[in-house]
Amino acid sequence: MAKVKCKLVSIYAKKSESRKLLERLQEMAVMDIETAAGDEVTSTSPQGYSKKDTASNIDIYERSAIAAENALKILNERYPEKKGLLAAFSGTPDVTREEFYLDKEKSNTIRTLAGDIINYDRFIAEQKAEILRLKTGIDQLSIWLPLDVPLSFKGTAKTTAFIGTVAGNYTLEELLTALAKADPKLLIYAEIVNTDKDNTYIFASCPKEYEEAAEQALRTLSFARPSQNTSRLPQKKIDSRLLRIKECEKKIEEYNEKLKLASKSRNDLELFYDFCKSKAEHYRTLGEIDRTANTTLIRGYVAQPDIDFLKESLEKEFTVVIETEEPNEELAPVKLKNNWFSAPAETITTMYSLPSSKDIDPTPLTGFFYYLLFGMMLSDAGYGLLIVVGTLLILKFLNPSQKMRNTFKMFLYCGISTVFWGLIFGSFFGDSIAVISETFFGKRVVMPALLEPMNGDAVTLLILSLVIGFIQIIAGLAAKFVTCIKNGDKAAAFFDAGLWITTLFGIGMLAVGIFALPILKTIGAVVAIVSVIGLILTQGRDKKGPMRILSGIASLYDITGYVSDLLSFSRLMALGLTTGAMAAVFNMLGAMAGGGILGAFLMIVMFVIGHALCFALNALGAYVHTLRLQYVELFSKFYEGGGREFKAFSLKNKYFGVKNTEKEEN
């Protein structure tokens, strides 16, 4: 199976070359570095970097990356980059090493640009806040427009003025009556400036000697002075604020123009972000590797096929000593490598868990069954053709990333399988060929089929589903047999896997003999009985005395689990029938208007909308249920998982890839 063997590699180098060496390793992306913080280096020589030095550099580059990310977020919100609908499937563009490693001048320029973008955005936010404040003030002043004195007016030499609000709605008569009730002796002049649903806005004045009495009377009406205490007339104050709003809007326009101009440097910011994240990772690793006063030790895991490339590259550029040793398999990371057919299914394996040191790589096995079962569940040649054409176009023209490329290849093989099963079942967008030919041409043309689940072959399809399920269960037990042999446990291989394989084969032959080939009935019964006896004698082999036999007998209860697993494969029939039934319903609805222009229009509409819905729902169902059949019915037979992913020390590329021509040549 396809787990790449990794070696534990130790690289001894001059401390003066440690930075350049790590930079080269980061470019090569072939080593999973083990970091272990050593003693702090206090050297102040140009070649000596202490923990404090590296921490400072990490902080600088991380903050620069954050600034670039924030600047990009601002640009993407205000001036989003125009991309096609399929742009999400495209991979990152490549740059050369020279383009990726920005010099100091270029870095400073882009860092300044990021800071400017953040400041422009902040300035715009401040101006918008100022506009909101000014508009709020205008709203508060607008209600005082009828007033012909400033809001700060306090009266004359002989009079005192009161400008403000009283709670509630009053007419002038009601207001004067209320003041008279509060103080019958009060001499006061009042007028109503404006009203709203909660308050009455008033102007009142009285002789100086009545000031205290007037204030007391107004207080009984919950009198409050206005928050806008201006020395100018309300209209002039509003005009001033409107002018200020125009100035703020002009500044916003200017800052937006600057942001628009800065958006042309989006690629520079993206490259700067990748560069800073890579440099931060570089210094983080530099601060954690083992170093003495004069030497550096870098230890990590390298896939065996990459060791020669690693040695040749480093020995050509640096003064290094490279040693390799066998790692502790429990601690070694897991790296998968499969052929063109199985590699796309690594996505399925990693979604569950990477294999542990005791596991084999399940990818080739699960890939084959995933493609097969997905196609059987979707089971329509038209839908399969859509998947095949769509994935081929994406792979050909959009240059997706390697991870996404594998995903699309997986669906490509699923699409081919869907076409295969669709041809077997005679389904091309359901029974569209028959419906269209009969509706518009008066002659029913039926697509040939080996099996017609919608026309009486449902039981046959169920049997076929169970047979495929039986094969997958046996394949899982065979994988368990191989795993046990690999781990040196021959007893478990023969007794725990081998005997269950022969037991299930015996029961299978017995079932076939009962219903089809009588000659297999006796053979199957003998094989099953002998295998069951073997299970009884061996499944309790770690027990002593009577418990050994009793444990063996109890183990036979596991047969119910295998029966349950087998019945789970009936979903192959269920989902296959669902696809055909839904497609047939939409075809029938499309043919309801008969032939002619109206009928053709309805057929096109129902064909596009109906089959799009049918395809989406059933493709999703096939994806999910096929995963379940792998994770529950296959992996449970032999697979534990729990392996640690091989994470190569590499450049952090979110927006750009870096061409590594040397590795490509090797």
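Is C414 buried or exposed?

Analyst: C414 is buried, with a relative accessible area of 0%; this is a reading from a predicted model. The stretch that holds the residue is helix 13, which covers residues 402-425. Helix 13 has 24 residues and spans 34 Å between its first and last C-alpha, close to the 34 Å expected at 1.5 Å a residue. Directly after helix 13 comes G426, whose phi is positive, at about 65°.

As for the sulfur of C414, the closest cysteine sulfur belongs to C614 and lies 17 Å away, so the two are too far apart for a bond. The structure as a whole holds 0 disulfides. Another cysteine, C276, is also buried, with a relative accessible area of 0%.

T503 has its place in helix 16, residues 490-515, and is buried with a relative accessible area of 2%. Leaving out residues up to four places away in sequence, T503 touches A528, S531, V532 and L535. S555 is placed in helix 18, residues 546-555, and its relative accessible area of 11% counts as buried because the limit for that class is under 20%. Beyond its neighbours within four places in sequence, S555 is in contact with W500, L535 and Q539.

Elsewhere in the chain, an open sheet is built from 3 strands in the order 5-7-6, with antiparallel pairing. Its edges are strand 5 (159-167) and strand 6 (189-195), each of which pairs on one side only. Neighbouring strands of the sheet are turned against each other by 20° on average, direction ignored. Strand 7, residues 199-207, pairs with strand 5 in the antiparallel sense over 9 bridges, and with strand 6, again antiparallel, over 6 bridges.

Helix 5 (residues 172-182) lies across strand 5, strand 6 and strand 7, and runs at about 130° to strand 6. Helix 6 (residues 211-219) lies across strand 5 and strand 7, and runs at about 5° to strand 5.

The chain averages a pLDDT of 90, and 96% of the residues score at least 70. Among the elements of the chain, helix 11 (residues 363-378) has the highest mean pLDDT, 96, whereas helix 23 (residues 661-665) has the lowest, 51. Over residues 37-48 the pLDDT stays under 50, and for this stretch the model has 20 contacts beyond four places in sequence. Where pLDDT is low, the predicted coordinates should not be read in detail.

Technical notes
Residues are numbered from 1 along each chain as its sequence is written. This is a predicted model: local features need pLDDT of at least 70, side-chain atom pairs count only at pLDDT 80 or more; totals for chains, interfaces and linings use all residues. Side-chain values use heavy atoms; hydrogens and water are left out. Helices (H or I, at least four residues) and strands (E, at least two) are DSSP runs, numbered from the N terminus. The expected span of a helix is 1.5 Å times one less than its number of residues. Two strands pair if DSSP finds at least two bridges between them. Axes are lines fitted to C-alpha atoms, for helices over the stretch in contact, and angles run from 0 to 180 degrees between N-to-C directions. Contact means heavy atoms within 4.5 Å. pLDDT is the predictor's confidence in each residue, from 0 to 100. Buried means under 20% relative accessible area, exposed over 50%, partly exposed in between (1.4 Å probe, protein chains only). A disulfide is a pair of cysteine sulfur atoms within 2.5 Å.
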